[in-house]
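Here's a quick tour of one model, written for someone who likes to know the cut-offs. Have a look at it first, then read on.

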Amino acid sequence: MAQTVSNPKYREIKDGFYWTQECLPLGTLSELDRFDMSKWIDADEEVHGCQNAYLLDGEQSLLFDTLTQPNGDQVVDLLENLLDGDDLDYLVISHPEANHAGNTFTILEAYPEATLLVPGEAAGHGTGHGTEHELYHIATDTPEDVSELANEIRYIGDGDTVDLGGYTVEFHRPVVADHSFTLWMTEHTTNTLFTVDWMGFLHQSSNCVSYVHELDREVTVEQVFRFHALAFPWLRFSDVEAIEKGVADVRERFDPDIVAPAHGMVTTENPGQYMDLFTEAAAYLSEEGEHENMQSKLEYILRPPTEV
Ligand SMILES: [Zn+2]
Ligand SMILES: [Zn+2]
C-alpha cells in the first residue's frame, strides 16, 4: 500500500488566507478492512488522511504549522509563491509533534527574519518540556545549537494575540480535550477557529482541499468516529457529559463561521453541525471503554506469555 505523502496543494479561503494540505493515501476500502466506512466510500475509492497548515497574509504574514518533513522543500517553495517573494513574519507551532512541527527549522532557515511562536508550556514555561524539546529538532539540517538560530523565539499562551494588519490571531487553551501543550488559534476578522487535532476526518482522494459542504458525500458520524478513535484513544474512557459541555462551551465562546482543523477539511457552512457529529461519535466511542467491551481486550493484553 502506498504510504508516500503527496506534494502540498492549496486553496485561498479569503484574500490572503490560504489553506495548504498534504495527503497520505491510505489505500482503497478493500485494503482497509479495519475501517468500516462503506457508508461513505465505494470499494475502489482511495482514502486520504491529511495534514493542513494555514497561511495568513495581511500586512504581516503568519504560518500556522508546517506540514511534514518529506515536503520541506515544497513547503518553502509554496510559501515563496504564496507570499510573492515577501518575508514570512511569524511561524506558529500548535504543538511539538512531527506532523505539525516537522519543517520548523527548514522554514526558519529559509526565513531568518521570521519569529517562531511556540506554546509556552511546551517550551518549559509551566509544566511542559524544555526549550530543547527534540521534536523541534527533527529537520535533517537542524542546527546543533538552537541558540545560534537567527530567529527570535517567543512563547505564547492562552489569550495572547498578534495583530498582522488585516488579520488578528488569538491563541487559546483547547476547550475540548486535545493533545498536551496544544494551543488552538482563532482569527478575528474571518471568525475562524483553528482546532488542530480536534475535528479531523479522512476524505476521498478526489476531494483534497474541498470544503466540507463540497465533498462528494456528506460527512458521517462513522468518519468522525474513526478519526478520533485513532487520534484521541482516551475518548473511550471520557465522561460524555463533560465532552458535551466542552463542545457547548466551544460554540458559546467562539461561535465560529469557519472551522479549520489540522487533519480534516475546512468547514465554511454551519460548523455546529459537525461539532454535533463529534459529540455523537464521542458517545459511541465512550461505549467502547465500557467494562464488557474492554473485557476481551484486557484478557488479550493480560494473557500469560506463551513459550516460543
Ligand atoms: Zn495532529
Ligand atoms: Zn487528499
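## Ground rules

Contact here means heavy atoms within 4.5 Å. This is a predicted model, where local features need pLDDT of at least 70, side-chain atom pairs count only at pLDDT 80 or more, and totals for chains, interfaces and linings use all residues. Residues are numbered from 1 along each chain as its sequence is written, chains are lettered from A and ligands numbered from 1 in the order in which they are written, and side-chain values use heavy atoms, with hydrogens and water left out.

## Thr 104 and its contacts

Thr 104 sits in helix α3, which covers residues 104-110 (helices are DSSP runs of H or I with at least four residues, numbered from the N terminus). Skipping neighbours within four places in sequence, Thr 104 touches Thr 66, Leu 91, Ile 93 and Leu 116.

Why does Thr 104 count as buried? Because its relative accessibility is 1%, and buried means under 20% relative accessible area with a 1.4 Å probe, protein chains only.

## The zinc site

Which atoms hold the zinc ion (ligand 2)? Cys 23 (SG), His 48 (ND1), His 203 (NE2) and Cys 208 (SG) coordinate the zinc ion, at 2.1 to 2.3 Å. Donors are N, O and S atoms within 2.8 Å of the metal (3.2 Å for Na, K and Ca), and water is not among the atoms, so sites may look incomplete.

Angles among the four donor atoms run from 100 to 123°, making the site tetrahedral (four donors, all angles between 85 and 135 degrees). Along the chain, the donors follow the spacing C-x24-H-x154-H-x4-C. Both His 203 and Cys 208 are buried.

Conventions: Tetrahedral: all angles 85-135°; square planar, octahedral: opposite > 155°, others 65-115°. Buried < 20%, exposed > 50% of the residue type's maximum accessible area, 1.4 Å probe, protein only. Helix = DSSP H or I, 4+ residues; strand = E, 2+ residues; numbered from the N terminus.
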